[in-house]
Amino acid sequence: MDTTPDYDDLDDALRRCGSSYDAAQSHGLLASRLAVTGRDGGYDWIAYVLDGTDPSNALRKECETMLIAMLERTDKSLTERQSEFAPLLPDDAIELDARAEALGRWCEGYLHGLVSVQHSNALKKRLAEEPIADIIKDMLQITRATAGEEAEDEATEDAYVELVEYLRVAAQLVYEELAEFRKPPPTQAVH
């Protein structure tokens, strides 16, 4: 049974516990942190998302439980490479402008995750190379995009669906491109 929270449940829990992150931002941040630091960085991600919240608050504990489930599911979907990864976004029944805003916030979180961890020179260089550099540029553009007033037409809906698919594939690609940075350093043999 999948215990991963949906967008609305996680967004509500984060708001109630006092996090400055919403569900889309936190998931984007998680996806990029996993790409750069691997699963171990996921627990730092939880602390980051819940920074400033009261550790003794029962609502925070509920958030923490949901974030752990999100970490497990997202890590699994990225590592198994079975095309199960998807950005955590509002349901398609929600108005398109709200979904487009969440898409932008997901990208903000993702980009923040790429730049907010300690970088080696090799990682900085890799982030500036193709295809990652193009993905970063595209995500920057998406953070500035809005659905607009005519957001209910079919072409705009199709464009949104294409952007979600692009981000799904881009996040998986970045994860694969950064695999060498997640590997633990080789152990030195003692003679």
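Not counting residues up to four places away in sequence, Ser77 touches Glu84, Phe85 and Gln172, and contact means heavy atoms within 4.5 Å.

## Basis of the model

This is a predicted model, in which local features need pLDDT of at least 70 and side-chain atom pairs count only at pLDDT 80 or more, while totals for chains, interfaces and linings use all residues. Residues are numbered from 1 along each chain as its sequence is written, and side-chain values use heavy atoms, with hydrogens and water left out.

## The nonpolar core

The largest nonpolar core has 49 residues, and those with the most contacts inside it include Leu10, Trp45, Leu67 and Met139; such a core is a set of buried Ala, Val, Leu, Ile, Met, Phe, Trp, Tyr and Cys residues joined through side-chain atoms within 4.5 Å. Among the elements that give two or more residues to this core are α1 (7-17), α3 (40-49), α4, α7 and α8.

Leu67 touches Leu10, Leu14, Trp45, Ile46, Val49 and Leu50, again leaving aside residues up to four places away in sequence.

## Helices α7 and α8

Helix α7 (residues 132-144) packs against helix α8 (residues 154-177) at an angle of about 145 degrees, with their axes 10 Å apart. Axes are lines fitted to C-alpha atoms over the stretch in contact, and angles run from 0 to 180 degrees between N-to-C directions. Residues making this contact include Ile135 and Met139 of α7 and Leu167 and Leu173 of α8.

Conventions. Helices (H or I, at least four residues) and strands (E, at least two) are DSSP runs, numbered from the N terminus. Buried means under 20% relative accessible area, exposed over 50%, partly exposed in between (1.4 Å probe, protein chains only).
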